[in-house]
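Subject: Structure handover and notes

Dear colleague,

Please read them with the model open beside you.

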Amino acid sequence: MSAGLEARAVPAVHALGRRALSLGAANAFDYALQFLLPVVLARCLDTAAFGQYRLLWLAVGTVMAVVTMAMPGSLYYFLPRSEGAAKRLYINQALLFLGVTGAIAGWAVSSWNPWLPEKMRDLTQHGPIVPLFVLLWMVASLLDLLPTVEERVMWQAKATIGLGALRAAALSLAAILTRELGPVLLVLLAFVAFKVALLVGYVAVHHGLRGPLLRRDAFSDQLRYAAPIGAAGALYGLRSQSDQWVAAALFPVSMFASFSIAALLGSMVQVCRHSVFHAVLPSMSRLEAAGDIRGLLDLKSRANVMVGALVYPLLAFAFVFAEEIVTVIYTAAYVDAAPVMRVLIVGYVALVVEFTSAVQLQRQGAFVIRVGLVALALSVALSWVSAHSFGLAGAAAGSVAAIYFDLIATLRRISLRAGIPLGRVQDWRSLGLVALLAALAAGSAWGVTDLYFAASGPLVRLIVGCVLLASVYAAMAALTGVGRGWLTGRSSARGL
């Protein structure tokens, strides 16, 4: 009987892998485009304009974290458990909520907000473009996950690639032709309007543009589920961006630009993490509904190893070649970003191990909020003190400390509630092996490059280092069998 169950589980795991890799490939492509976009803007806009552009996205990220209240994410819980009109109801309620909160967010970044930070006030010269963009961006954000929630992974992947290419091409062309921030923001507004239209088209085709729009009991239940997660997400978003706000407050705009460039690496980690996370969350939701907590944790453990196999080699490469990366991509003017990048990478290593979603599925929102409050206070205080003591790189210390505090607290909570030893919550052996191979490959690449290509330019060193790291990592992974465990699902099953 157990053999039959295992035989049926293997195709499911392979399907999970295919969905995760499809989303991962699409998101990686989009990330590559959006990573290169600031490179174009930094070369076409003056320092002040580029600083304003980066501040705009920092503000957008902050208001998105605070006011969405996880209503889009609540669809991961409700849609897999609903059919027909009930699905349409929850989607309509999420859209309505995003429209209202988007208007609030638009006000928050407008000249009507008396508490608008001083460095943000230069953006108000562009009139209604910025607040209208924020409003539409909030609504359009639903398109980034709704097809995945409904397990239309290929549709989501195609939309991600197409929209990413359109956004990068349109903004780059506007910057190259005008070399001014105003036209770039106008093109950005047109892009998000198109994305909203695409979202409306998707809903019309798959669910119809009709009621019910809102039902008091259903909306109350959806909001009760989403609110604790939203509060926790808001705290996490504020915590992850607090170091950037500290850098923006304490240092000139040019130095803040360097800090924000270093923080772009975190987007790469989130792209890989969220690609796998979004692919497994519907399955996790069904396992939780069936009361199979051990199966849920087993699935999440394998997903984390998948993320580590993708992320750890990239982080190791960025750590040893930080100066070369910044110099080649953003010019030597932003080389101050290199030490900041190394500090942040220490924290990004821990981001691979994600179990907050498992806690939230069990409606442990109050616990997540308590941890988030402590982590936010720790992050702000430590970043502020370290920035005064150690300069720009010190501003990143608070985020790193908060990441590890959050991880340890979450793992302990899961271990206690599930009755599973802490050492078996995650397949630490597989994850540690992936990290070790990535570190050895990066060290080998850096050693050879430094020994034989010390006098070469940064581009040559990057190319040689990349080829060496990829070759060594692939060879060691093949020899040790890294990947076979999480593809078959057997390694984690034995651990649990």
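The notes below go from conventions to the overall build, then to the core, the surface and the salt bridges.

This is a predicted model, in which local features need pLDDT of at least 70 and side-chain atom pairs count only at pLDDT 80 or more, whereas totals for chains, interfaces and linings use all residues. Residues are numbered from 1 along each chain as its sequence is written, and side-chain values use heavy atoms, with hydrogens and water left out.

The chain has 21 helices and zero strands, where helices (H or I, at least four residues) and strands (E, at least two) are DSSP runs numbered from the N terminus. Of the 496 residues in the chain, 54% are buried; buried means under 20% relative accessible area, exposed over 50%, and partly exposed in between, with a 1.4 Å probe and protein chains only. The accessible surface of the chain is about 20800 Å², and 68% of that belongs to carbon and sulfur atoms, the areas coming from the Shrake-Rupley method with a 1.4 Å probe and, for residues, only the protein chains shown counting as cover. Among contacts (heavy atoms within 4.5 Å) between residues at least 6 apart in sequence, 80% join residues at least 24 apart.

The largest nonpolar core has 147 residues, and those with the most contacts inside it are Leu 75, Phe 133, Leu 146 and Leu 315. Helix H10 (residues 253-289) gives the largest share of this core, 15 residues. A nonpolar core here is a set of buried Ala, Val, Leu, Ile, Met, Phe, Trp, Tyr and Cys residues joined through side-chain atoms within 4.5 Å. Beyond its neighbours within four places in sequence, Leu 75 is in contact with several residues, including Tyr 90, Leu 142, Leu 146 and Gln 222.

Leu 213 sits in the loop between helix H8 (181-206) and helix H9 (216-250), and is exposed at a relative accessible area of 58%.

The count of salt bridges comes to six, a salt bridge being a side-chain nitrogen of Lys or Arg within 4 Å of a carboxyl oxygen of Asp or Glu. One of them joins the side chains of Lys 195 and Asp 144 (2.9 Å, N to O). Lys 195 lies in helix H8 and Asp 144 in the loop between helix H5 (129-140) and helix H6 (146-149), so the pair ties together parts that are 51 residues apart in sequence. Lys 195 is buried, with a relative accessible area of 5%, while Asp 144 is partly exposed at 40%.

Arg 239 forms a salt bridge with Asp 406, the closest N and O atoms being 3.0 Å apart. Since Arg 239 lies in helix H9 and Asp 406 in helix H16 (residues 397-418), this pair ties together parts that are 167 residues apart in sequence, and both Arg 239 and Asp 406 are buried.

Finally, Arg 179, in the loop between helix H7 (153-178) and H8, has a positive phi of about 55 degrees although it is not a glycine.

With best regards
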